[in-house]
Structures are given as C-alpha cells and as structure tokens.
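Here is a short report on one protein chain. Keep the sequence and the 3D view open as you read.

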Amino acid sequence: MTVSENINKSLREYRRSLLLWITIAGIYGIVMIGFAILSDPFDKTLLEEASKGIEGNMNLLLKTSLIVLALSAASGMITVLFGIGISKCAIENTRGRRLKVSDIFFGFRVKPFKFLMLYIWEMILIILWTFLFIIPGIIKGISYSQAFLLMIENPDYGIRESIEKSKMIMEGHK
C-alpha cells in the first residue's frame with residue numbers, strides 16, 4: 001500500500017467516524033429536546049400554581065410536581081444509559097474497530113438496570129465521602145471513575161466488583 005493510499009484510507013475512516021459521532025450527538029440531542037418539550041407544559045403549570053401560593057390548587061400542584069419529578073428521573077436514566085453507549089463507542093473507536101450506530105444503545109440493550117444501579121451506588125458513595133469533606137469526595141470520584149468502563153467491558157461484573165476493580169486500577173493515580 002502506498003503512502004497516498006494509506007492517507008486516503010485514513011481520511012475515509014476519519015470522515016466515517018466523525019459522521020457517526022455527529023449522528024450519536026444528534027440522537028442524544030433529539031431525545032433530550034423531546035424530554036424538554038414533554039416537561040414544558042408541566043413546568044409552566046407548576047410555576048403558575050406555585051406563584052398562587054397556599055391558596056392555589058394544591059392537588060394540581062402535587063400532581064404536576066410528581067409528573068415533573070418523573071420526567072426528570074426518566075431523563076436522568078436515559079442520560080446515564082446514553083452515556084454508557086457513548087463510552088462504548090469511544091472504547092470501540094480507540095481500539096480501531098468500526099463504530100455502529102447501534103453501539104449508542106449499548107446501555108439500553110445490555111443490562112440497563114445494572115448500569116443504573118451502578119450509577120446510583122457510585123453517587124451515594126461519592127456523596128457520603130463528600131459529606132466527610134469535599135476533597136475525599138473528589139478523590140473517591142476519581143477512584144470510582146473506571147467502574148462504568150469496566151462494566152462495559154465485562155457486563156457480568158457485579159456492581160461492587162466494578163467499583164473495587166476501579167479502585168485498584170486508580171490506586172496511585174489520583
């Protein structure tokens with residue numbers, strides 16, 4: 001293979017990879033815009049009822065608050081699972097493998113409940129360490145930073161196993 005052929009091949013792969021990353025960002029953006037559009041009427045109702053004070057319709061205020069809370073929780077879960085897919089795409093891209101648009105949905109396809117539980121458990125631990133003092137929370141956040149990548153690579157790992165291996169990997173790298 002000549003140098004120019006090699007450069008052309010690299011450029012084609014780069015363009016393909018760039019287009020795929022743009023597609024991934026577009027899919028994620030569309031989903032987040034969809035959640036914003038869904039929650040907008042409830043946000044407006046919530047603001048209107050809250051501005052009325054105690055005299056307002058408390059039943060409507062409660063229902064609207066619960067709907068906004070549910071939409072926010074769903075948006076957060078989807079964000080975490082898309083983040084898993086983006087991490088999977090980054091791993092595949094770094095290894096020189098061809099990316100597929102379906103990789104963005106890896107978090108939804110492969111044990112989504114386990115990924116969500118890992119996220120929740122990791123956040124609980126970081127928050128508890130942060131209560132001790134801010135610096136230990138930051139250090140533990142760095143210490144747990146590889147847990148998602150380990151679980152992406154080995155979906156059969158347990159939540160604690162991923163966190164423990166992440167701590168071992170990050171030992172001395174904080």
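## A loop residue with a positive phi

K111 is partly exposed, with a relative accessible area of 34%. The model is predicted, so this value is computed from predicted atoms. K111 sits in the loop between helix 3 (106–109) and helix 4.

What is the phi of K111 near? The angle is near 50 degrees, a positive value in a residue other than glycine. Most residues other than glycine have a negative phi.

## The overall fold

The chain has seven helices and zero strands. From the N terminus on, the elements run α-α-α-α-α-α-α. Of the 174 residues in the chain, 27% are buried.

The accessible surface comes to about 11,200 Å². Carbon and sulfur atoms account for 69% of that surface.

## The largest nonpolar core

The largest nonpolar core has 16 residues. Those with the most contacts inside it are I84, F115, L118, I152 and I163. Which elements give two or more residues to this core? They are helix 2 (58–94), helix 4 and helix 6 (147–153). Helix 4 gives the most, with five residues.

Look at I84 in the 3D view. Leaving aside neighbours within four places in sequence, I84 is in contact with F106, G107, F115, F148 and I152.

## A second core and I24

A second, separate core has six residues, including L20, I24, F82 and L99. I24 lies in helix 1 (residues 3–52). Is I24 buried or exposed? I24 is buried, because its relative accessible area is 2% and the cut-off for buried is under 20%.

Residues up to four places away in sequence aside, I24 touches I86, C89 and I104. Now find V101. I24 and V101 are 77 residues apart along the chain, yet their C-alpha atoms are separated by 7.0 Å.

## One side of helix 5

Helix 5 covers residues 134–143. Its buried residues are G137, K140 and S143. They cover an arc of only 120 degrees around the axis, so they lie on the same side of helix 5. What do these buried residues pack against? Their partners are helix 4 and helix 7 (159–170).

## Salt bridges

The structure holds five salt bridges. One of them joins the side chains of E153 and R95, at 3.0 Å from N to O. E153 lies in helix 6, and R95 lies in the loop between helix 2 and helix 3, so the pair ties together parts that are 58 residues apart in sequence. E153 is partly exposed, with a relative accessible area of 33%. R95 also counts as partly exposed, at 45%.

E92 and R97 form another bridge, at 3.2 Å from N to O. Is E92 buried or exposed? E92 is buried, with a relative accessible area of 9%. R97 is partly exposed, at 44%. A further bridge pairs E164 with K167, whose closest N and O atoms are 3.2 Å apart. E164 is partly exposed, with a relative accessible area of 41%, and K167 counts as partly exposed at 24%. Both lie in helix 7, three residues apart, about one turn of the helix. Salt bridges that share partners also join K88, E92 and R97 into one network.

## A nonpolar patch on the surface

Some nonpolar residues lie on the surface. F113, M117, Y119, I120, W121, I124, I127, L128 and F131 form a nonpolar patch there. Together they have about 890 Å² of accessible area.

I120 is one of these residues. It is found in helix 4 (residues 112–132). Why does I120 count as partly exposed? The reason is its relative accessibility of 42%: buried means under 20%, exposed means over 50%, and partly exposed is in between.

Notes:
Residues numbered from 1 in each chain as written. Predicted model: local features only at pLDDT ≥ 70, side-chain atom pairs only at ≥ 80, totals over all residues. Heavy atoms only, no water. Helix = DSSP H or I, 4+ residues; strand = E, 2+ residues; numbered from the N terminus. Buried < 20%, exposed > 50% of the residue type's maximum accessible area, 1.4 Å probe, protein only. Contact = heavy atoms within 4.5 Å. Patch = residues over 30% accessible without salt bridge, like charges linked within 9 Å, V, L, I, M, F, W, Y side chains within 5 Å. Areas by Shrake-Rupley, 256 points an atom, 1.4 Å probe, with all protein chains shown as cover. Salt bridge = Lys/Arg side-chain N within 4 Å of Asp/Glu carboxyl O. Arc of directions from axis to C-beta. Core = buried A, V, L, I, M, F, W, Y, C linked by side-chain atoms within 4.5 Å.
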